[in-house]
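Student: I have a new structure to read. Can we go through the terms used for it and ask what backs each one?

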Amino acid sequence: MTTPEIIGTSGAGFATNPAFRALLTDASDATGADLDVLLEDATDMEWLIVPGPRDEPQALAAYRRLDAYAVEIEYLAVAPAIRRQGVARALVDRVQARSR
């Protein structure tokens, strides 16, 4: 497995992006207005994105810092085209590394 490029970002930067919204729907089952509310409520989360060839998000992780030693992953999603390639594991590893 090649480690994918992972970038930190704010959810607000992708809130209207269809690929981002599809991933977040996969992770949360929220759609339409419920998805918009979820995004509004997620302003205190930190986001990691795996961009695709055209910088469209292909995977995401959204997490909160609970304290100096703990984080909670709220949402984790990987597009079907890149599943089973270690992308979710790489995202979890990055969240863990950022929590230290």
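Predicted model: local features only at pLDDT ≥ 70, side-chain atom pairs only at ≥ 80, totals over all residues.

Student: Why are α1 and α2 called roughly perpendicular?

Tutor: Angles from 65 to 115 degrees count as roughly perpendicular. The axes of α1 and α2 cross at roughly 90 degrees. Therefore α1 and α2 are roughly perpendicular to each other.

Student: Which residues of α1 meet α2?

Tutor: Phe20, Arg21, Leu24, Thr25 and Ser28 do. In α2 they meet Gly32, Leu35, Asp36, Leu38 and Leu39. The contact divides into five nonpolar, three polar and two charged residues.

Student: How do you know that the length of helix α3 (residues 87-98) agrees with its residue count?

Tutor: Take 1.5 Å a residue; the 12 residues of α3 should then span 16 Å. The end C-alpha atoms are 17 Å apart, which agrees.

Student: Where do the buried residues of α3 pack?

Tutor: Against β2 (46-51), β3 (57-65) and β4 (71-78). Those buried residues are Val87, Ala90, Leu91, Val92 and Val95. Buried means under 20% relative accessible area.

Student: What makes the sheet antiparallel, and what is its strand order?

Tutor: The order is β1-β2-β3-β4, an open sheet of four strands with antiparallel pairing. β1 (7-9) and β4 each have a single partner strand, so they stand at the edges.

Student: What makes β2 and β3 a pair?

Tutor: A pair needs at least two bridges. Six bridges join β2 to β3, so the two strands pair.

Methods: Residues numbered from 1 in each chain as written. Heavy atoms only, no water. Axes fitted to C-alpha atoms, helices over the stretch in contact; angles between N-to-C directions. Helix = DSSP H or I, 4+ residues; strand = E, 2+ residues; numbered from the N terminus. Parallel < 35°, antiparallel > 145°, perpendicular 65-115°, else oblique. Contact = heavy atoms within 4.5 Å. Nonpolar A, V, L, I, M, F, W, Y, C, P; charged D, E, K, R; others polar. Expected span 1.5 Å × (residues − 1). Buried < 20%, exposed > 50% of the residue type's maximum accessible area, 1.4 Å probe, protein only.
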